[in-house]
Amino acid sequence: NAGVTQTPKFRVLKTGQSMTLLCAQDMNHEYMYWYRQDPGMGLRLIHYSVGEGTTAKGEVPDGYNVSRLKKQNFLLGLESAAPSQTSVYFCASSYGTGPRYTFGSGTRLTVV
Amino acid sequence: TQLLEQSPQFLSIQEGENLTVYCNSSSVFSSLQWYRQEPGEGPVLLVTVVTGGEVKKLKRLTFQFGDARKDSSLHITAAQPGDTGLYLCAGVDNYGQNFVFGPGTRLSVLP
């Protein structure tokens, strides 16, 4: 089925560890996004990309890095995880601005 | 940063009841979207409204965009347990630059 696939679905990290979340879409979308979702705070944009090889900061970029080496993939990295990064992370993609987003099913990350 | 507020934050009703949830802002939006998110899944787009005063219907769901394009409402008629989920509104500002989400209304429909 066409859509956005996120891996892994669950992960527990110790403080200071690093990890990479992978997002893959097969809809040929130009735009891709990484959000975090925390209770009562809605979805907050971490980083986004408007095309292969481009990335830009969103509302809450600190502590995260991203890469878009291929159009279909958007990677989110945590270099040194902190408990404040415990959250559910969602990747989304769209054709362009004024977006009709397609979301992945999320990655639940716990940092202990 | 534009802010979208949603009310109520939580709503628990019996099957068959009607309900309305609201999305409000002090800013003008060029469009507003409503998403539904089920537990363990990502949000799924329900509708986009772009014209002030616009009303769209999706089966038992009725969406309205305020005349001034600062607010929107979602009305559900004869709610069913399958309507349970987190309802998020999201908007694009009038310059087409920023896309923001509200915090959501968590709806529980009891059988």
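Start with A:Arg36. Is this residue buried or exposed? Its relative accessibility is 9%, so A:Arg36 counts as buried. Keep in mind that this is a predicted model.

A:Arg36 has a partner. It forms a salt bridge with A:Asp38. The closest N and O atoms of that pair are 2.9 Å apart. A:Asp38 comes out at 12% relative accessibility, so this residue counts as buried too. The cut-off for buried is under 20%.

How many salt bridges does the structure hold over all chains? Five. Let me take two from chain B.

Here is one of them. B:Asp83 and B:Arg60 form a salt bridge, with 2.9 Å between the closest N and O atoms. B:Asp83 sits in the loop between S8 and strand S9 (85-93) of chain B, while B:Arg60 sits in the loop between strand S6 (55-58) and strand S7 (61-65), so the bridge ties together parts that are 23 residues apart in sequence. B:Asp83 has 3% relative accessibility and therefore counts as buried. B:Arg60 is at 25%, so that one counts as partly exposed. And back in chain A, shared partners join A:Arg36, A:Asp38 and A:Arg44 into one salt-bridge network.

Now the other chain B bridge. B:Glu54 pairs with B:Lys56, the closest N and O atoms being 3.8 Å apart. B:Glu54, at 18% relative accessibility, counts as buried. B:Lys56, at 31%, counts as partly exposed.

Next, the interface. Chain A gives 14 residues to the contact and chain B gives 15 residues. Together they bury about 1200 Å², with 59% of that area on carbon and sulfur atoms.

Which elements of chain A give two or more residues to the side that touches chain B? Strand S4 (31-38) and strand S5 (42-49). The residues on that side of chain A divide into seven nonpolar, six polar and one charged.

On to the rings. Over all chains, the structure holds 16 aromatic pairs. Take A:Tyr64 and A:Tyr89. Their ring centres are 5.8 Å apart and their planes stand at 65 degrees, so this pair is edge-to-face. The pair links distant parts of the chain, 25 residues apart. A:Tyr64 is in the loop between strand S6 (56-57) and strand S7 (65-67) of chain A, and A:Tyr89 is in strand S9 (residues 87-94). Both A:Tyr64 and A:Tyr89 are buried.

Another pair crosses between chains. A:Tyr101 and B:Phe101 are tilted, at 6.4 Å centre to centre and 50 degrees between the planes. A:Tyr101 lies in the loop between S9 and strand S10 (102-103) of chain A, and B:Phe101 lies in strand S10 (residues 99-101) of chain B. A:Tyr101 and B:Phe101 are buried.

These two rings also belong to a cluster linked by ring pairs. From chain A it takes in A:Tyr31, A:Tyr33, A:Tyr35, A:Phe90, A:Tyr101 and A:Phe103. From chain B come B:Tyr35, B:Phe99 and B:Phe101.

Last stop: B:Ser73. You will find it in strand S8 (residues 71-76) of chain B. Relative accessibility is 17%, so B:Ser73 counts as buried. What is B:Ser73 in contact with, leaving aside neighbours within four places in sequence? The list is B:Thr20, B:Val21, B:Tyr22, B:Trp34, B:Thr62, B:Phe63 and B:Gln64.

Conventions:
Residues are numbered from 1 along each chain as its sequence is written. Chains are lettered from A and ligands numbered from 1 in the order in which they are written. This is a predicted model: local features need pLDDT of at least 70, side-chain atom pairs count only at pLDDT 80 or more; totals for chains, interfaces and linings use all residues. Side-chain values use heavy atoms; hydrogens and water are left out. Contact means heavy atoms within 4.5 Å. Buried area is the accessible area (1.4 Å probe) that two parts lose on being put together, summed over both. Helices (H or I, at least four residues) and strands (E, at least two) are DSSP runs, numbered from the N terminus. Ala, Val, Leu, Ile, Met, Phe, Trp, Tyr, Cys and Pro count as nonpolar, Asp, Glu, Lys and Arg as charged, and the others, Gly among them, as polar. Rings of Phe, Tyr and Trp (its six-membered ring) pair if their centres lie within 6.5 Å; planes under 30 degrees apart count as stacked, over 60 as edge-to-face and the rest as tilted. Buried means under 20% relative accessible area, exposed over 50%, partly exposed in between (1.4 Å probe, protein chains only). A salt bridge is a side-chain nitrogen of Lys or Arg within 4 Å of a carboxyl oxygen of Asp or Glu.
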